[in-house]
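Please look through the structure below before reading on.

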Amino acid sequence: MYFKKSISPSFLPLLLLMLVAGSEAGGIAIYWGQNGNEGTLADTCATGNYQHVILAFLSSFGNGQKPMLNLAGHCDPYSNGCTKLSSEIKSCQAKGIKVLLSIGGGAGGYSLVSTADARQLAVYLWNNFLGGKSSSRPLGEAILDGIDFDIETGNSQHWDELAKFIYGYSKRGKKVYLTAAPQCPFPDASVGGALKTGLFDYVWVQFYNNPPCQYTSGDVASLEDSWKTWTSSIPATKIYLGLPAAPDAAGSGFIPVADLTSAVLPAIKGSTKYGGVMLWSKYYDDQTNYSSNIKNHV
């Protein structure tokens, strides 16, 4: 049923302000899984701070290797100990939080050596973490929302094909989200080609450990220039500002909360591609309460 109601002229400025604020509103994505002292997945989602939680990492795969999950001290996938996370994943999703699996990472052995290798990995991910069927699902029966590409090997081969194969599974019902965490030098040495496919929903660019394009105290110009390059060149739905959640979380690139809210976010939020902030990682966020301090500004 539809009721037509006129809008008071005095309400129009407020309505316009609400629309503008809504268009700039962003969320926070967090990586979880690489420190057993960061609390449970359920606790992470219960904070109310995050829209996306990225499980890190599927760190070994490709080139004939058996894919292996590494969630540090949280659980042992070798003894099926990570299947207990199934109920926690579902509780996160019930709150509207998207839970994704990140493949790759800064350590571990992984590569794709052929189109067949990419196809085989896509099938494995579908059957073991997404909507497919397998008798050996490492995280149990929960169906994840998508796959994150955190490829840091420098090898750019076949990631575009992997993205296309995974994307194809969205046609089977539930949408499979594709995300990526490239370094801020453009184009990214590993997933630059894959990002050109236009299949990625969210791209959280790592504006850290890369001095030429990250923030330095009092100077937002290098970051802003890089941000403009990313948002104008990558056909993704939303681009996120990837940051360390604490000074110890990265070699460089940490941005104090006051600098982020007063200088950095105002410089980038005008972009229609702005999606929010990605943080590495939940463990470091616990040390600083970074997400709690920025969430009303993101």
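Asp 148 touches Tyr 31, Ile 54, Leu 101, Ser 102, Ile 103, Thr 179, Ala 180, Ala 181 and Trp 204, leaving aside residues up to four places away in sequence; contact means heavy atoms within 4.5 Å. The model is predicted, with pLDDT of at least 70 needed for local features and 80 or more for side-chain atom pairs, while totals for chains, interfaces and linings use all residues. Residues are numbered from 1 along each chain as its sequence is written, and side-chain values use heavy atoms, without hydrogens and water.

Asp 148 belongs to strand E5 (residues 146-151). Strands (E, at least two residues) and helices (H or I, at least four) are DSSP runs numbered from the N terminus. Asp 148 counts as buried because its relative accessibility is 0%; buried means under 20% relative accessible area, exposed over 50%, and partly exposed in between, with a 1.4 Å probe and protein chains only. Thr 179 is 31 residues away from Asp 148 along the chain, yet their C-alpha atoms are separated by 4.5 Å. The two side chains make a polar contact at 2.7 Å.

With Leu 241, Phe 149 has the most contacts inside the largest nonpolar core, which has 77 residues. Such a core is a set of buried Ala, Val, Leu, Ile, Met, Phe, Trp, Tyr and Cys residues joined through side-chain atoms within 4.5 Å. Helix H4 (residues 115-129) gives the most to this core, seven residues. A second, separate core has 14 residues, including Tyr 31 and Trp 204. In soluble globular proteins, nonpolar side chains tend to be buried together.

The aromatic rings come next. The whole structure holds 17 aromatic pairs; rings of Phe, Tyr and Trp (its six-membered ring) pair if their centres lie within 6.5 Å, and planes under 30 degrees apart count as stacked, over 60 as edge-to-face and the rest as tilted. Tyr 202 and Trp 204 are stacked because their ring centres are 6.0 Å apart and their planes at 15 degrees. Tyr 202 is buried at 13% relative accessible area, and Trp 204 is buried at 0%. Phe 254 and Tyr 290 form a tilted pair, 5.6 Å centre to centre with 55 degrees between the planes. Phe 254 counts as partly exposed at 25% relative accessibility, whereas Tyr 290 is buried at 1%. Finally, Tyr 177, Tyr 202, Trp 204 and Tyr 240 form one aromatic cluster.

Conventions: A polar contact is a pair of N or O atoms within 3.5 Å; within protein, one must be able to donate a hydrogen and the other to accept it, and residues adjacent in sequence count only if both atoms are side-chain atoms.
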